[in-house]
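Colleague: I'm new to this one. Can you walk me through it?

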Amino acid sequence: MKRQILLLAAIFFAVFVIGSIGTPGEANAGPVKLSYANFPPPVTFPCVQMERWKDEVEKRTNGKVVINTFPGSTLLGPKDMMDGVIAGTADIGNLCQAYQPGRFVLSNATALPLGIPNARVGSMVLWDLYRKYNFEPFNKVKVLTMFTTAPSNIMSKVPIRNLNDIQGVSLRASGGAAQILKVWGANQIGMPMSATPEALQKGTVQGLFSSLEVMKDFKFAELCKYVTMTQTPIYPFAVVMNMDKWNSLPKDVQKVMEDLGTEQAEWTGTYMDKIALESIAWSKANQGVEFIEPSDKAQWDKKLKPIVDAWIAKKEKEGFPAKEIVADIRALIKKYAE
Ligand code: 3IO
């Protein structure tokens, strides 16, 4: 028995250790190594989808590719993800497009209050839209996939039961969600999700406006005992790769990644919808969180009405095909919501 174990150990040593040293000067020795940067902590959905993508790529390329993941802004932070990938600081990066709405103008149209019902539909809509338009801000990178969060709701330390209650309350949001908070009368404060735990702890903000899985994943339910249900808008994300690195990959590896694009968008949307529901149940049962339907819902909706048309008018004036994009988003929502 002991001898068999020693023999096995010797074989493993020969195969993995000696095999990985390789011959000096030999080309193509060992797998292609890729770094993948992400900004929030490992338990959150952007990192869960990152690990899923890593596992699938490693499996489908039969060990030809090894991906090292860097969650929690250990390699690149939320706002330098795009430029860091372009510069090659990381080979791959996951970014929230809502953190730079002036940069990713047209893809952020998905964060208008257009009634995207869930993250699966949102993700398919955003990914289709990207493949149709190949938005210019992504021209310097290879886009691997895109997806969205579930629709946003207000999580707060104080109860917000009507429009009166939200006036002047400091709430954190970014991009399209930030614009919505403003028209409802909140004191909107912009910062990435990864900065929000500290802001809530310190009392810089009284709550946030985002998808509800964060109540559980960031333990926000321990501080925010109230959720006001608004069910709009989503936050759009993108996963991008350094273009030179992409071009250096073997064709069969590129194909594996190309084939994963749509699947990853749908997987992430479906996963997000599931954990958002789980988080609601957990917040109610374990944290005593109260879920509120605004008593004056029609008034909230009325305030949203001008946002889309105002955005179209402003962006058309700046030379963007904003009207066409919004029409496409509406049609794609219809297509995928069925
Ligand atoms: C988000 C970002 C990082 C980790 C979990 C998250 N859930 C929802 C978001 C959306 C977002 O980027 C934000 O800032 O609300």
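This is a predicted model: local features need pLDDT of at least 70, side-chain atom pairs count only at pLDDT 80 or more; totals for chains, interfaces and linings use all residues.

Colleague: At what angle do α4 and α12 pack?

Modeller: About 135°, with their axes 9 Å apart. Helix α4 covers residues 119–133 and helix α12 covers residues 322–337.

Colleague: So what do we call α4 and α12, relative to each other?

Modeller: Oblique. The crossing of α4 past α12 is right-handed.

Colleague: Which residues make the contact?

Modeller: On α4, they include V121, M124, V125 and L129. On α12, I325, I329, L332 and I333 are among them.

Colleague: And how many are nonpolar, polar or charged?

Modeller: The contact has 11 nonpolar residues, six charged ones and no polar ones.

Colleague: New topic. How many salt bridges are there?

Modeller: The count is 18. One of them joins K54 and E58, at 3.1 Å from N to O. Both sit in helix α2, residues 45–60, four residues apart.

Colleague: Are K54 and E58 buried or partly exposed?

Modeller: K54 is buried, because its relative accessibility is 16%, under the 20% cut-off. E58 is partly exposed at 21%.

Colleague: What about K255 and D259?

Modeller: Their side chains form a salt bridge at 2.6 Å, N to O. They are four residues apart in helix α10, so about one helical turn separates them. D259 is partly exposed, at 44%.

Colleague: Which residues form a network of salt bridges?

Modeller: R52, E56, K59, R60 and E263 are linked that way.

Conventions. Residues are numbered from 1 along each chain as its sequence is written. Side-chain values use heavy atoms; hydrogens and water are left out. Axes are lines fitted to C-alpha atoms, for helices over the stretch in contact, and angles run from 0 to 180 degrees between N-to-C directions. Helices (H or I, at least four residues) and strands (E, at least two) are DSSP runs, numbered from the N terminus. Angles under 35 degrees count as roughly parallel, over 145 as roughly antiparallel, 65 to 115 as roughly perpendicular and the rest as oblique. A crossing is left-handed if the near helix is turned anticlockwise from the far one by less than a right angle, and right-handed if clockwise. Contact means heavy atoms within 4.5 Å. Ala, Val, Leu, Ile, Met, Phe, Trp, Tyr, Cys and Pro count as nonpolar, Asp, Glu, Lys and Arg as charged, and the others, Gly among them, as polar. A salt bridge is a side-chain nitrogen of Lys or Arg within 4 Å of a carboxyl oxygen of Asp or Glu. Buried means under 20% relative accessible area, exposed over 50%, partly exposed in between (1.4 Å probe, protein chains only).
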